[in-house]
Amino acid sequence: MIELVDFSKNYGKNCAVQNVSFTVQKGRIACLLGVNGAGKSTIIKAICGIHYPSGGKVLIEGISAEDQPILAKQKIGYVAENPQFYDFFTVEEFLHLMANIKMPNLSKNQQSEQAEIWAARCGLAQVMQKKIKTLSKGYCQRLAFACALINNPPVLVLDEPITGLDPVQIQEMRALIKSLENEKTILLSTHLMQEVEALCTDIFILANHKLAASGTKEEILAQTNCQTLDQAFLQLNQNSTQ
C-alpha cells in the first residue's frame, strides 16, 4: 500500500505540491495524471525516497519513507522514464548483478533463479545474451521492469513507462503491467489519457500543485459532471487557474 497524508513539498519559496492525500491499495493500478509541472514527479520522488516531504507523510506498506528510508525502499520497485544501464553488460549479466545487489542474503543459485523468473515474465528470454547497448527501446523498458521486480517488492512505481515506445511495444507494456495487477500495489504517472483509460482503476488528477479530483473514472466524471476524462481533466485544470 502507498499512502500520502497531507503531503507538501517546497523548493525554497516555490511550492511544488500542496497538502495532497491519497491511498493506493494492493490489487489496484492507480494513476497520477497532470500536465507537466503539476507535481507528478515530485510525488514519485518522495514515494521512492529520493527526497522528503516539507510537510505531511509518505508511507510505504505502513513504513515512513522519511523515518525508515532503507526499509521503505526495499518495498518498492521503480521504473524510471529513461532507465540507465551498464551498456556493455549482457542482459543476463545485468540481471544477475541486480539480483546480487537487491538480494545479497540469497545464494548465487537463488539469485539466478529470481533473475530467470523475472526475465521470463518480462519477455527477455530471447535477448539474455545480447549486450544492453544493442537492445531496442522496448526491450530496455522490459529490462527496467525485470530489475525493478527482481526482489519481488510489494509496490511498483512507474514514471511515464511508455514514453518513446511504438504502438506494438505500448501494447506489450500494458499487458505486462496488467499481469501484475493482482500481485502488487501499482502507481504510474502519466500525462497520456490513453494510458489512464487502458490501465487504471484509480485516478488522481493534479492541478495547480494540488489534488483536484480522485476516484474511479466513473466517480470523477460524476464529480465534474463531464462525459469524458479529457473533459474532466480540462475542466479541473481550468478551474485551478481561475
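E195 is buried, at a relative accessible area of 3% (buried is under 20% relative accessible area, exposed over 50%, and partly exposed in between, with a 1.4 Å probe and protein chains only). Everything here comes from a predicted model, where local features need pLDDT of at least 70, side-chain atom pairs count only at pLDDT 80 or more, and totals for chains, interfaces and linings use all residues. Residues are numbered from 1 along each chain as its sequence is written, and side-chain values use heavy atoms, with hydrogens and water left out.

E195 sits in helix 7, residues 193–199 (helices are DSSP runs of H or I with at least four residues, strands are runs of E with at least two, and both are numbered from the N terminus). Setting aside neighbours within four places in sequence, E195 touches I162, I170, R174, T190 and C200, a contact being heavy atoms within 4.5 Å. From E195 to G164 it is 31 residues along the sequence and 14 Å through space, C-alpha to C-alpha.

I186 belongs to strand 8, residues 185–190. With 0% relative accessibility, I186 counts as buried too. Again leaving out neighbours within four places in sequence, the contacts of I186 are V24, R28, I29, A30, L156, L158, I177, L180 and E181. I186 and T201 are separated by 15 residues in sequence and by 10 Å in space, C-alpha to C-alpha.

On to the nonpolar cores. In soluble globular proteins, nonpolar side chains tend to be buried together. A nonpolar core here is a set of buried Ala, Val, Leu, Ile, Met, Phe, Trp, Tyr and Cys residues joined through side-chain atoms within 4.5 Å. The largest one holds 55 residues, and V91, L95, L124, L143, F145 and L156 have the most contacts inside it. Helix 5 is the biggest giver to this core, with eight residues. Another core lies apart from it, with 27 residues that include F22, I43, I63 and A65. As for L95, its contacts beyond four places in sequence are A115, A119, L124, M128, L143, A146, C147 and I150.

Next, the helix pairs. Helix 3 and helix 5 have axes that come within 9 Å and cross at roughly 25 degrees (axes are lines fitted to C-alpha atoms, for helices over the stretch in contact, and angles run from 0 to 180 degrees between N-to-C directions). That angle makes helix 3 roughly parallel to helix 5; the cut-offs are under 35 degrees for roughly parallel, over 145 for roughly antiparallel, 65 to 115 for roughly perpendicular, and oblique for the rest. The crossing of helix 3 with helix 5 is right-handed, a crossing being right-handed if the near helix is turned clockwise from the far one by less than a right angle, and left-handed if anticlockwise. V91, F94, L95, M98 and K102 of helix 3 make the contact with L143, A146, C147 and A148 of helix 5. By class, these residues come out as eight nonpolar, no polar and one charged (Ala, Val, Leu, Ile, Met, Phe, Trp, Tyr, Cys and Pro count as nonpolar, Asp, Glu, Lys and Arg as charged, and the others, Gly among them, as polar).

Helix 5 (residues 137–149) also pairs with helix 6 (residues 167–179), their axes coming within 10 Å and crossing at roughly 15 degrees. This puts helix 5 roughly parallel to helix 6, and the crossing is right-handed. On the helix 5 side sit G138, Q141, R142 and F145, which meet Q169, E172, M173, L176 and I177 of helix 6. The contact has four nonpolar, three polar and two charged residues.

Helix 3 (residues 91–102) meets helix 4 (residues 108–121) as well, with axes within 9 Å and a crossing of roughly 125 degrees. That makes helix 3 oblique to helix 4, and this crossing is right-handed. L95, H96, A99 and N100 of helix 3 face K108, Q111, S112, A115 and A119 of helix 4. The tally for this contact is four nonpolar, four polar and one charged.

Finally, a word on backbone angles. Most residues other than glycine have a negative phi. D6, which is not a glycine, has a positive phi of about 50 degrees. D6 is placed in strand 1, residues 2–11, and is partly exposed at 44% relative accessibility. H209 also has a positive phi, near 70 degrees. H209 lies in the loop between strand 9 (202–207) and strand 10 (210–215), and is partly exposed with a relative accessible area of 25%.
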